[in-house]
Amino acid sequence: MKLNGWSTKFVSGALAQNGPPDSSDTTTLFRTLLPIILPGLALLTTYKVLDWTRSRTSAKARNTTVVSDAANDKDANKYREHGTWTPQRFGYPEITPCPHELKDVKPVPYRPFRWGEYHITMGIRTMPWSEWIELDSSYQAYQRVRSFRVRTRGRDVIRVLPTREDDTVKVLGGAEAAKELVYELAEYLPRRYPSSFRISRIPSSTASSVPSIDGISLSWDGEMPVRTIEVVDTGAKYDLSILETLKGEDMGEEAMKIVTGLVQEDMAVMIEGSDGKYYFQAGSISIPGFWRMSDKIGMPLDEIHVSGNVPQFKEKLQMSMERFFKRMPVDKPVIRSNYFMQVIKPPKGAQAIDKEPRLDVEEETASDVDPEELSWSESTNGREDEFLHGHGHSAKPASYLAPSTLRLRSERQTLRRLPRTGAIVFGIRTYLFKVEELARERGVAGRLASAVRSWPEDVAVYKGQKMYRDILLRYLDECAEREGITGPTEGMLVYPY
């Protein structure tokens, strides 16, 4: 082991105290100092060895104690077998509070289309933790639609599957992941939107046992788990302790109902099977617009996309998507964007999605609650109960198709892995924007027209271009010509805005 410079300086300093000595004096000096120096050097060497050993032991200990649970768990799951997961403790980063009430938060103006050539990629971006859930001034209107869908469509919009085990695969049911998801939201929402969510926690003095998964508490930052969560904007209040009285799919579906009432996102829970594929095992899918959960629940990721006729999935997406899901860590959530065009029925008088619902609730219809066809685009796909899976945009062109009835349906999709169950939660936040309003934004008309023209034939079929192409492009071209912008211009917002 190498000694530091301190011992060298000690010897040379002692030799130099009385000036340059002659050889006999040097010999005498060495004989005098040697009995003093050697024990000191031995003591110093012993100290350095002990210090080095202690630092190595401490470093090793940090990898096996609670302090480094996250690092250890990550390593355990890095080489796990398919369909297994070691629950992790995860230290969440600080969530930035939204400084406004929801009524003052405008919807984010996502415009996820580009000038020029169309490319088929996963298109994922890093997601800041404070942007996991996006709520805005349309919250109450969305919740009216979502509540109506739960009441009228039942298990078509809320579903949790049991464990599946057969000759081909074993995949766990979605109930535990659904439970973990609702507790995650109960911790996140009051941190992110403190003016809109109020919570109470289980008192530490009365808790004989706390809600947990495999011994890891369903809470953040070492606090007691949430007992109740109240939504200020709707008046809804949810008691999470009810989940402790239920089991299996009943518990999971109750959890997903609560999820539906808390956020504007649809949520799909994907769980890894013993074959390494991720299966759609639980969902709150109330505003899909173009697909039905009943057609996809229980399917693995690849089958969901192939049966839905997603363009070039096998050629360009399947391998990278499956690899991404397998390797996705707990601490790196991601986001991507997608978009479609859809048609809606002309509004009834001045009615719009943000108007108050009728008082005779029992007589409400989908068009009363959801005039913008947020939940299901009947004008684009035909009747929901008659829909043929994989054949979206199958309705006949509506006689009322016009720029005023065209909407950009923009989807903000998030992916994050839950630490305790290892399930991956796929969030879908949908925004509807009027084409006539989009066309008034600087450069957007020309950019959207360029994007629609750039779709390859299979993408054009998938997005139903034939239904609206002529009317949409004629209108956008006229707007772009008046504006005089025919390509990317300095000062424009970057993708996806």
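Does D295 count as buried or exposed, and at what relative accessibility?

Guide: The model is a predicted one, in which local features need pLDDT of at least 70 and side-chain atom pairs count only at pLDDT 80 or more, while totals for chains, interfaces and linings use all residues. Residues are numbered from 1 along each chain as its sequence is written, and side-chain values use heavy atoms, with hydrogens and water left out.

D295 counts as buried because its relative accessibility is 17%; buried means under 20% relative accessible area, exposed over 50%, and partly exposed in between, for a 1.4 Å probe and protein chains only. The residue belongs to helix α7, residues 293-296. Helices here are DSSP runs of H or I with at least four residues, strands are runs of E with at least two, and both are numbered from the N terminus. The side chain of D295 makes a polar contact with the side chain of R292 at 2.9 Å. A polar contact is a pair of N or O atoms within 3.5 Å; within protein, one must be able to donate a hydrogen and the other to accept it, and residues adjacent in sequence count only if both atoms are side-chain atoms. Beyond its neighbours within four places in sequence, D295 is in contact (heavy atoms within 4.5 Å) with F387 and H389.

S307 is located in helix α8, residues 301-307, and is partly exposed, with a relative accessible area of 22%. Its side chain reaches the backbone oxygen of I304 at 3.3 Å. Between S307 and K296 there are 8.7 Å in space, C-alpha to C-alpha, and 11 residues in sequence.

D370 is found in the loop between α10 (366-369) and α11 (378-381). D370 is buried yet has no salt bridge, and R149, the nearest side chain of opposite charge, is 6.6 Å away. A salt bridge requires a side-chain nitrogen of Lys or Arg within 4 Å of a carboxyl oxygen of Asp or Glu; for charge, Lys and Arg count as positive and Asp and Glu as negative, whereas His and the chain ends are not counted. The side chain of D370 does reach the backbone nitrogen of L374, at 2.9 Å.
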